[in-house]
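Please walk me through this model in the viewer, telling me what to select at each stop and what is to be found there.

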Amino acid sequence: MTSSESMAAAEPLVLVSRAEGELAGVVTLTLNRPRQFNALSEAMLAALQAALDSISHDDSARVVVLAGAGPAFCAGHDLKEMRAEPSLDYYRTLFNQCTRVMLTMQRMPQPVIARVHGIATAAGCQLVAMCDLAVAASAARFAVSGINVGLFCATPGVALSRNLTRKQAMEMLLTGEFIDAETARERGLVNRVAPMERVDAEVAALCRAILAKPAAAVAAGKGLFYRQAETGIEAAYQMAGQTMACNMMQACALEGVQAFIEKRPPDWAKPAG
């Protein structure tokens with residue numbers, strides 16, 4: 001192993017950084033296998049799971065940004081690692097591990113924003129689809145390309161089909177072809193597209209908008225959004241009504257409504273009266 005390889009091996013697989021100043025409360029998780037295009041090895045999935053679990057219980061963390069080091073966001077699973085141990089039990093365990101990461105992002109109270117550049121392929125595209133919001137560089141490209149090596153991207157398809165229309169998702173899954181960032185925006189996979197030099201500014205703008213809202217309302221709303229999306233409409237309305245009723249009893253909503261009545265900006269730190 002060369003000295004540069006030794007240094008790379010010693011670096012964390014997921015870098016964690018916390019913003020300060022006006023963006024305090026924003027935690028950025030950076031996938032850190034740049035030479036492998038941030039392929040999701042077992043070790044990286046474990047590191048990402050640990051980071052997400054820690055943040056999900058941290059009240060000081062308000063928004064999570066998921067990024068990638070080097071030339072790409074994420075190239076999906078590490079195919080070399082997968083091919084080294086071809087057993088059904090191993091693959092089941094690996095995909096269960098990946099599924100846990102994906103569901104943790106959706107179930108944690110903090111909104112998760114994907115910051116995408118380069119390529120996001122297979123499970124990397126799945127990561128983007130499972131994030132609550134996504135900002136992509138103009139040159140970013142997206143694909144679920146497992147079919148090109150004889151492996152239908154079934155688990156990425158779960159996330160993809162919940163972002164795109166069915167036929168758009170099936171076209172990507174069956175052809176393995178790339179779509180560009182603007183097409184991804186038009187189809188609902190990402191929210192915003194910007195030149196690379198503006199991507200961080202767009203991410204920051206979304207973070208500021210979320211930070212300006214009460215954490216309790218954001219967390220309750222995010223949880224309800226996904227629960228109702230996976231159920232029938234009658235049950236969805238029941239869950240939504242209960243969520244809104246509980247939210248309305250929280251100090252932030254009582255203050256917000258009172259501020260609206262009094263035609264003044266809300267003071268989220270003010271106790272309900």
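**First stop: a pair of helices**

Select helix α4 (residues 88–107) and helix α5 (residues 123–130), which pack at an angle of about 20° with their axes 9 Å apart; helices here are DSSP runs of H or I of at least four residues, numbered from the N terminus, and axes are lines fitted to C-alpha atoms over the stretch in contact, with angles running from 0 to 180 degrees between N-to-C directions. The model is predicted, so local features need pLDDT of at least 70 and side-chain atom pairs count only at pLDDT 80 or more, while totals for chains, interfaces and linings use all residues. Residues are numbered from 1 along each chain as its sequence is written, and side-chain values use heavy atoms, with hydrogens and water left out.

Because angles under 35 degrees count as roughly parallel, α4 and α5 are roughly parallel to each other. Next, show the side chains of Cys98, Met102, Leu103, Met105 and Gln106 of α4 together with Ala123, Gln126, Leu127 and Met130 of α5, which make the contact (heavy atoms within 4.5 Å). These residues divide into 7 nonpolar, 2 polar and no charged.

**Second stop: the two domains**

Now colour domain 1 (14–212) and domain 2 (215–262) separately, with bounds that come from an automatic or database domain assignment. Their C-alpha centres lie 27 Å apart, and 12 residues of domain 1 are in contact with 6 residues of domain 2. Between them the domains bury about 690 Å², 49% of it on carbon and sulfur atoms, where buried area is the accessible area (1.4 Å probe) that two parts lose on being put together, summed over both. Finally, select Arg62, Gln106 and Pro109, which in domain 1 lose the most area to domain 2, together 55% of what that side buries.

Key: Helix = DSSP H or I, 4+ residues; strand = E, 2+ residues; numbered from the N terminus. Parallel < 35°, antiparallel > 145°, perpendicular 65-115°, else oblique. Nonpolar A, V, L, I, M, F, W, Y, C, P; charged D, E, K, R; others polar.
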